[in-house]
Amino acid sequence: MPAAVALQPLPKKLSTEVVFKAKPSLPLAPSPSPEGTIGRDIQPPIYAPVQHETWRRLYDRQSAAIVGRVCDEYLEGRAKLCYERERVPRLADLSERLRACTGWQCVRVEGYVPEATFFLLLAQKLFPCTDFLRHPSELEYTPAPDMFHDLMGHLPMITNPRFASFFHKFGLAGINARREEDTVKLGRIYWYTVEFGLINPTAHAGAARDQRLTKIYGAGISSSVGEIAYALSDAVKKTPFDIERVAATPVEIHHMQDELFEIASFDELEQSFEAWATAQSLI
Ligand SMILES: [Fe+2]
């Protein structure tokens, strides 16, 4: 396993192919925290009343949509993070609550994070979060993930020790990836787990699989009302998780997914990733 790495300044240049983070589509309010500020030192922008109202509307819609559809680990994380409903949360507050759970912290970024930086952050148990919130006209859909996606989609899962351990290993594997093909495979694994992962304890039970037990853990789904309903519908094929197959399945970022992968447990996710990454000499 690689030694701990020193945090490097975050480059402003955007990656053109990485799906990990996206550039905001709307101008950002000036933030008092420079990109790269970590944890409790992150100072929040001054949000306008309309932005607090946008947050509340997003929060209420998502809270109703997730009932019975997200996994227990997500709900437990959501409870531990104690989100405010009435106002846009402070990244510093959420980061401190996250740190108390798993030792991870938030780092403020403005948008895209180049993949090398992204891996470097994860390897240090730092998750990059934006502090810009989508325009009120984009409640249904935003082409670029905003802070609602980062905070309500990703952070709850990182409070879970098993998921957080997988995510840390993912970062370590990423900083060791030297070949383009390894980076592409890591991107696919990220997409079909961290962003669009499903969990079902009967995923590998064949004919005995119970589709009623399928729940959401991927942030791309849990943070989007439209994705929540669609992902669990019959329009999406559910395939038992097989990391080799996942690594070989191209990502389609411009359309809703027509196939998603179900893990049976987060133990399976971590163990299968560790075995795969070890076999690729990435960890
Ligand atoms: Fe995301």
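Which residue follows helix 4, and is its phi positive or negative? In this predicted model, helix 4 is followed by Lys125, and the phi of Lys125 is positive, near 60°.

The chain holds eleven helices and six strands. Of its 283 residues, 45% are buried. Among the contacts with a separation of 6 or more, 70% are between residues 24 or more positions apart.

Helix 4 itself spans residues 115-123. Because eight of its nine residues are buried, helix 4 is largely enclosed by the rest of the structure. The buried set consists of Glu115, Thr117, Phe118, Phe119, Leu120, Leu121, Leu122 and Ala123. Their cover includes strand 1, strand 2, helix 6 and helix 7 (180-195).

Two of these covering elements are also partners of each other. Strand 1 pairs with strand 2 (residues 126-129) in the parallel sense, over four bridges. Within this pair, Cys106 is found opposite Phe127 of strand 2. To get from strand 1 to strand 2, the chain passes through helix 4, making a β-α-β crossover that is right-handed.

Helix 3 comes next, covering residues 91-102. Its twelve residues reach 16 Å from the first C-alpha to the last, close to the 16 Å expected at 1.5 Å a residue. Leu91, Leu94, Ser95, Leu98 and Thr102 are the buried residues listed for helix 3. They lie on the same side of helix 3, because the arc they cover around the axis is only 100°. Among the elements that cover them are helix 2 (72-81), strand 1, strand 2, helix 5 (147-158) and helix 6 (161-176). Just after helix 3 comes Gly103, with a positive phi of about 85°.

Helix 1 can be read in a similar way. It runs over residues 49-65, and its 17 residues should span 24 Å at 1.5 Å a residue; the end C-alpha atoms are 24 Å apart, which agrees. Gln51, Thr54, Trp55 and Leu58 are buried in helix 1. Seen down the axis of helix 1, these buried residues fall within an arc of 100°, so they line one face of the helix. Helix 5 is among the elements that cover them. The other side of helix 1 carries the exposed residues Pro49, Val50, Arg57, Asp60 and Ala64.

Glu73 has its place in helix 2. Is Glu73 buried or exposed? With 20 C-beta neighbours inside 10 Å, Glu73 counts as buried, since the cut-off for a buried residue is 20 or more. Setting aside neighbours within four places in sequence, Glu73 is in contact with Met157, Asn160, Phe163, Tyr217 and Phe266. Glu73 and Pro161 are 88 residues apart along the chain, yet their C-alpha atoms are separated by 9.8 Å.

Strand 3 (residues 198-199) pairs with strand 4 in the antiparallel sense, over two bridges. In that pair, Leu198 stands opposite Ile216 of strand 4.

Note on methods: Residues are numbered from 1 along each chain as its sequence is written. This is a predicted model: local features need pLDDT of at least 70, side-chain atom pairs count only at pLDDT 80 or more; totals for chains, interfaces and linings use all residues. Two strands pair if DSSP finds at least two bridges between them. A crossover is right-handed if, with the strands pointing away from the viewer, the path from the first strand over the helix to the second runs clockwise. The expected span of a helix is 1.5 Å times one less than its number of residues. A residue is buried if 20 or more other C-beta atoms lie within 10 Å of its own, exposed if 12 or fewer, and partly exposed in between; C-beta atoms are placed from the backbone. The arc is that of the directions from the helix axis to the C-beta atoms. Two residues are in contact if their C-beta atoms, placed from the backbone, lie within 7 Å.
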